[in-house]
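Visitor: I am new to this structure and should be grateful for a guided reading. May we look at it together?

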Amino acid sequence: MYVSPIREPLIRGNKDYSQVTKDILAPMAGTPSKYWYMGIALALSAALFGAWATYVTLFTGIGSWGLNKTIGWGWDITNFVWWVGIGHAGTFISAILLLFRQRWRTSINRSAEAMTLIAIACAGFFPLIHMGRLALAFFIFPYPNTRALWVNFNSPLLWDVFAISTYFAVSLIFWYVGLIPDIGTVRDKATTKIKKAIYGFLSFGWTGSAKHWSRHETVSLILAGLAAPLVLSVHTIVSFDFATSVIPGWHTTIFPPYFVSGAVFSGFAMVLTLLIVTRKALNLEQYITVNHIESMNKIIILTGSIVGIAYLTEFFIAWYSGNEYEMFTFVNRAFGPYAWAYWIMMTCNVITPQLFWFKKIRRNIVLTFIISIFVNIGMWFERFVIVVSSLHRDYLPSSWSMYTPSVVEVGLFVGTLGLFFTLFLLFIRVFPVIAIAEVKSVLKTSGENKNHSEHE
Amino acid sequence: MVSIGLIALAYGFFAGLGGERISANILLNNYYFLGMGLIGLFFVAVHAIAESGWQVSVQRIGEAMSTFIPVAGVLMLLFFAFGGLHSIYHWTHPEHMDEILLNKAPYLNVPFFYIRFFIYFIVWSLLAWYIRKSSRNLDSLNDISYFHKLRKFSAIFIVFYAISSVMSSWDWLMSIDAHWFSTLYGWYVFMSMLASGVAMIIIILYILKRNGYMTHINNEHIHDLGKYLFGFSIFWAYLWFSQYMLIWYANIPEETVYYSERMLHFKPLFIANAIVNLAFPLLLLMTRNSKRVFWSLIPVAVIVFIGHWIDLYQLIMPGAVGGEKAGIGFLEIGLTIGYVGLFFLVVFYSLTKAPLAPKNHPFYKESMDYHTNY
């Protein structure tokens, strides 16, 4: 396969295959660094705060939250949508970029997929805890029972159950199938018997024969085909939670594609946040290069601009529709008591990503990191604005109210953040953070030394 | 073919089919083929900024399609200026204004309508011209600086088009049903254009290859175009469903009125639209091999081309003509044939102006040397 010389190499340094294996497996060997311990201690204490908040919620009920009659959804649904959105980058990278033959995805897909799975787990926590009685959570599944009680199939909240569990299952299988050859490599390099046995078991007896590879690639491709529509479906259904209602600010037809775009936007921001730290900490700068970061930043501009156009479209149509409730909601968002949240959202999501039009900023790692944090914050506030500011002043002015989260709600959110980072830190210790086999597949055509080996 | 179109138009006048129906047909075809031109340009521009390699081989087709943009602009201007505006958009009649329309008057008024019209067409045409020129200079002068110019103009076009495609669809299509609104509308119309535009690229490629040109195109390129046709058709259906389902579910009269008109007076076409444009590409292009050969790809491309014409018919006719007077007869078919003729005339003339294979493009060799398993 010919690659034009004007393209930047995807892997820096003159690597050969064994060097790639060594570099990528290095973070798994030996004892973790003190930064890792500090990180996990911090993450675990955050998770502990979350555990306490969960305990309070379960034993005293949802009353311990700041919700009221008017504002029935607050931080919980905001966090839920935020986490689900973050969970979009992994499968987008693996499935859609695979179908578009974007080979730079090989360095980032593994960790992005792991991040996806963890984020979906964090997301799923919020609807469950909002039910108040966690032990009865299995009621959300439709199953035949003697009381003839069924779930409400007309409700988009139930569609969420199906969409997210399907997405989680497919992402998990996809991630694991991709891991199998690499686990085989880890097994072969394992130093102790126990490690060899565990990784040997996890690798499903991978031998690397041509037959195994052929099947592995076929399965990956089929899964990519299945996962591609799932990337769209999950956040489409999440948007239906809002858009099927008749609440001004929620009911608008642009929601499905706009939510999907916003999800990919926030997902990539979180991938950037994580990988910029990871590449530095694990010495993987030659695999996750500035070129990769630039490519991700381009996706940030694209999806960020789509989101920006959607905001403006919504605002314009709110006026154009002549619907006074709709117009009120939007004016109230921008200039009402929650205006601060609205303008944080606008600044972080619409203005800061536009800085990436400058190549210098796009390729600047520190600025990229800062902007990615901005986007994470902005996308959280987007959901907060949609959920809370649409609800707090409803059709009946006598029931207008304000919402402040209680410490328990903050605890739940911080707890999921803690869980997220704990699991990610564990992930980088037990599995290769970069898909070794896939990176090797592009080494020949896109490694830095390709120009020596290739002649016309 | 152009003469058939003219005869059909003349027939429309003399058979007394009514000014509204004639106007609506002109708008329909003009918009449809303008969309083809814009998608040709969009196709080139988006691949230029995405640094796509394979697309370089078919780039000339997109560039040639974009030369239809100014032609469509002039025709549309003539059409609006000579009565089309009044016969289609009832917000232009002061006596029909009600409270809701008066509210919209700051946006929906004739002078501002024309201002927007000129901005869209001038910027589109200029950028089309610059993009085409950079691409041709890149080839003939073999100077890499034109490659960067091509990318710069492409980026400007994408940004401008992202806004103007949405706004122009409000102006020319959504304001036909002036009371009705939908936030998704612009993207929906764009997706419809994208699916039919890709179908048109495939059709033009087929005609060129049939006549012995474009010998550098192999099955891999056809496969990629086939994947686009497949994917965009599904994405179009996704947007169709999103808009319909949300309006159906919320059941708010101001919104459902739009669909109820279509279900009442245009039921066969309404159903056909959704089925033809999804089911055919989905089922016929599902397998790998059907996307790689013309004998299966061309029928689907033609179906999609006709299907999205029906889609546009759905968008325009119920509001502009109404259930009693609309129909599909010699006027509709003949005028469309006329526009196809005119479009091909312009596009194939433009194709003769530059070598079909941009051999000096930095990605040309990449485009010739790849194969894909999926």
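Guide: Contact here means heavy atoms within 4.5 Å. Please note that this is a predicted model.

Visitor: Which residues does B:Phe157 touch, not counting residues up to four places away in sequence?

Guide: B:Phe157 is among the residues with the most contacts inside the largest nonpolar core, which has 266 residues. With residues up to four places away in sequence left out, the residues touched by B:Phe157 are B:Leu38, B:Leu41, B:Phe42, B:Ala45, B:Trp124, B:Leu127 and B:Ile131.

Visitor: How far apart are the end C-alpha atoms of helix 6 of chain B?

Guide: Helix 6 of chain B covers residues 110-141, which makes 32 residues.

Visitor: Which residue caps the N-terminal end of helix 6 of chain B?

Guide: A side-chain oxygen of the capping residue lies 2.9 Å from the backbone nitrogen of B:Phe112. The residue that caps this N-terminal end is B:Asn109.

Visitor: Which helix gives the largest share of the side of chain B that touches chain A?

Guide: The contact takes 52 residues from chain B and 44 residues from chain A, and the two chains bury about 4,000 Å² between them. Between chain B and chain A, 11 residue pairs are in polar contact. Elements that give two or more residues to this side of chain B include helix 5, helix 7 and helix 9. The largest share, 14 residues, comes from helix 9 of chain B.

Visitor: Which side chain of chain A meets B:Glu51 in a salt bridge?

Guide: The count of salt bridges between chain B and chain A is two. In the one that involves B:Glu51, the N to O distance is 3.5 Å, and the partner is A:Lys298.

Key:
Residues numbered from 1 in each chain as written. Chains lettered and ligands numbered in written order. Predicted model: local features only at pLDDT ≥ 70, side-chain atom pairs only at ≥ 80, totals over all residues. Heavy atoms only, no water. Helix = DSSP H or I, 4+ residues; strand = E, 2+ residues; numbered from the N terminus. Expected span 1.5 Å × (residues − 1). Polar contact = N/O pair within 3.5 Å; in protein donor to acceptor, adjacent residues only side chain to side chain. Core = buried A, V, L, I, M, F, W, Y, C linked by side-chain atoms within 4.5 Å. Buried < 20%, exposed > 50% of the residue type's maximum accessible area, 1.4 Å probe, protein only. Buried area = accessible area lost by both parts, 1.4 Å probe. Salt bridge = Lys/Arg side-chain N within 4 Å of Asp/Glu carboxyl O.
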